[in-house]
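This report covers a single protein chain. Please keep the sequence and the 3D view open while reading.

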Amino acid sequence: LPFMHLIGGWILGKFFEIINFTSLNNLEWVLLLTGSILPDFDFGIDWFLKKRTHRTFTHSLFFLIFSFFFLFFLLGKINLSEAAIFISLGILTHLFLDMISKNGVMLFWPYKGW
């Protein structure tokens, strides 16, 4: 459920604030929460291609690493490279929550094991 992924991102953000005795700004919150639901954009791919792709590429460590480096270099051009960290942390919370669910995820996609 998307709401649960948002709660997971929120918990991580609050934990970060408590540990570092700081507050996240609005942009950091938006990036973290966006990252926490980003892997589920594959529902749109499922709908468009009429093929099951949910919990494959976008729910893998490959997607997490690729997204981080892609966003780090892309956003680095406008001096927002640390934004990639918050998006990636959100993705990581999504993967963790799906990983502990009944269906699991293919963390090492394209290896087909669950």
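Are α4 and α5 roughly parallel or roughly antiparallel to each other?

## Packing of α4 and α5

The two helices are roughly antiparallel (angles over 145 degrees count as such, those under 35 as roughly parallel, 65 to 115 as roughly perpendicular and the rest as oblique). Helix α4 spans residues 61-76 and helix α5 residues 83-99. They pack at an angle of about 165 degrees, and their axes lie 8 Å apart. Axes here are lines fitted to C-alpha atoms, for helices over the stretch in contact, with angles running from 0 to 180 degrees between N-to-C directions. The crossing of α4 past α5 is right-handed; that hand applies if the near helix is turned clockwise from the far one by less than a right angle, and left-handed applies if anticlockwise.

Which residues of α4 and α5 meet? From α4 come Phe63, Leu64, Ser67, Phe68, Leu71, Phe72 and Leu75. From α5 come Ala83, Ala84, Ile85, Ile87, Ser88, Ile91, Leu92 and Leu95. Contact means heavy atoms within 4.5 Å. By class, 13 of these residues are nonpolar, 2 are polar and none is charged. Nonpolar covers Ala, Val, Leu, Ile, Met, Phe, Trp, Tyr, Cys and Pro; charged covers Asp, Glu, Lys and Arg; the others, Gly among them, are polar.

## Model and overall make-up

This is a predicted model, in which local features need pLDDT of at least 70 and side-chain atom pairs count only at pLDDT 80 or more, while totals for chains, interfaces and linings use all residues. Residues are numbered from 1 along each chain as its sequence is written, and side-chain values use heavy atoms, with hydrogens and water left out.

The protein has 5 helices and 0 strands. Its pattern along the sequence is α-α-α-α-α. Helices (H or I, at least four residues) and strands (E, at least two) are DSSP runs, numbered from the N terminus. Of the 114 residues, 38% count as buried. Buried means under 20% relative accessible area, exposed over 50%, and partly exposed in between (1.4 Å probe, protein chains only). Among contacts with a separation of 6 or more, 57% join residues 24 or more positions apart.

Helix α5 has 17 residues. From first to last C-alpha it reaches 24 Å, close to the 24 Å expected at 1.5 Å a residue; the expected span is 1.5 Å times one less than the number of residues. Its buried residues include Phe86, Gly90, Thr93, His94 and Asp98.

Leu97, also in α5, is partly exposed at 28% relative accessible area. Leaving out residues up to four places away in sequence, Leu97 touches Met4, His5 and Gly8. Leu97 and Gly8 are 89 residues apart in sequence, yet their C-alpha atoms are 7.5 Å apart.

Leu12 sits in helix α1. Its relative accessible area is 26%, so Leu12 is partly exposed. The C-alpha atoms of Leu12 and Thr93 are separated by 7.7 Å, across 81 residues of chain.

## Two loop residues with positive phi

Phe21 is not a glycine, yet its phi is positive, about 50 degrees. Phe21 lies in the loop between α1 (2-20) and α2 (26-37). With 78% relative accessibility, Phe21 is exposed.

Asn79 also has a positive phi, near 60 degrees. Its place is the loop between α4 and α5. At 71% relative accessibility, Asn79 counts as exposed.
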